[in-house]
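Hi there,

Here is the structure I promised to send over. Have a look at it first, and then read on for what turned up.

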Amino acid sequence: MSQNGQADRRSTDPEDYQQVPRAVAAMPKDFADGHEIAPHRHRRAQLIYATAGTMRVSTVDAVWVVPPQRALWMPPGVRHSIVMSGDVTMRTLYLRQDAAAGMPDVCRVLHISPLLRELIVRATEMPVHYDERGAAGHVVALILDELHHEPSLPLHLPMPRDRRLQRVCSALLAAPGDQRTLEDWAGWANASPRTLARLFVTETGLTFGAWRQQARVLEAMGRLSGGEAVTDVALDLGYDSVSAFSAMFRRASGVSPSAYRPSR
């Protein structure tokens, strides 16, 4: 980005935001359903957020589903990839090192309040080289204050390193409603049921059942945020009834499935 008359024309290349001499650099970029961003990393910390659409963000250690009510805090230097579910209106913030001080040093899901949502959108409309002593500077200061006070949420899916278990987890991510038992998966992965059960706990910290349930919760969050009916999501994810699905979802997330559906 030059410092001349072209300075504040918005680029959609993340590299152009890594050395902007401001505390926060905001990049708006839209993506079509199914678009994939290959594994990459950034020098700056990043708030990955979208006002519409859902993103699945993956690192070597975990997977997160990020609907519009949530954002993912990504520390600098962490290699990650992103897959879009639905048309995604991404509004990314890149934070300078001093602005990110005090934020988590690992990936975390953050709640996005209505106020923070509007502030993020406003930041993408301001000049890239905004006046730090003017109104734009106050917007950025408020963004940073809100970010530092938003609670983090345990909405991630730990990923294993063992190749046999990676195969199983990748297959379950692709089809979370798959009803095969641990014994079925063990035969498919060329491992004994006891070995597979042990690997789930040692490599992810979760039992097979708990890991699959979390995969279903994250899948449901993304699909519900995209406007799908609760009944369709429940049946597709292998539940016999909407009530059973809703009870599980509320236990796992603290809210009903309908809370994730967009307001009409």
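The expected span of a helix is taken as 1.5 Å times one less than its number of residues. Please keep in mind that this is a predicted model.

With that in hand, take helix α1 (residues 114-125): its 12 residues reach 17 Å from the first C-alpha to the last, close to the expected 16 Å. Its buried residues are Leu116, Leu119, Ile120, Val121, Ala123 and Thr124. An α-helix has 3.6 residues a turn, so residues three or four places apart point the same way. The cover over the buried residues of α1 includes strands β1, β3 (45-48), β4 (50-58), β7 (80-95) and β8 (108-111), together with helix α2 (135-149).

Ala123 turns up again in the cavity search. There is 1 cavity of 30 Å³ or more, and the largest cavity holds about 50 Å³ of space. Ala123 lines this cavity along with Arg10, Val24, Ala25, Ala26, Met126, Pro127, Val128, Tyr130 and Val140. Strand β1 (residues 24-31) gives the most to the lining, with 3 residues. By class, the lining has 9 nonpolar residues, 1 charged and no polar ones.

One more residue to look at is Arg250, in helix α8 (residues 242-253). Is Arg250 buried, partly exposed or exposed? Its relative accessibility is 47%, so Arg250 counts as partly exposed, since that class runs between 20% and 50%. Beyond its neighbours within four places in sequence, Arg250 is in contact with Val255 and Ser256. Val217 is 33 residues from Arg250 in sequence, and their C-alpha atoms are 9.6 Å apart.

Best wishes

Conventions:
Residues are numbered from 1 along each chain as its sequence is written. This is a predicted model: local features need pLDDT of at least 70, side-chain atom pairs count only at pLDDT 80 or more; totals for chains, interfaces and linings use all residues. Side-chain values use heavy atoms; hydrogens and water are left out. On a 1 Å grid over the protein atoms alone, a cavity is a set of points where a 1.4 Å probe fits but cannot get out, and a pocket is an open set with protein on both sides within 12 Å along at least five of seven lines; lining residues have an atom within 4 Å of a point. Grid points are joined across faces, edges and corners, and a volume is the space filled by probe spheres set on the points. Helices (H or I, at least four residues) and strands (E, at least two) are DSSP runs, numbered from the N terminus. Ala, Val, Leu, Ile, Met, Phe, Trp, Tyr, Cys and Pro count as nonpolar, Asp, Glu, Lys and Arg as charged, and the others, Gly among them, as polar. Buried means under 20% relative accessible area, exposed over 50%, partly exposed in between (1.4 Å probe, protein chains only). Contact means heavy atoms within 4.5 Å.
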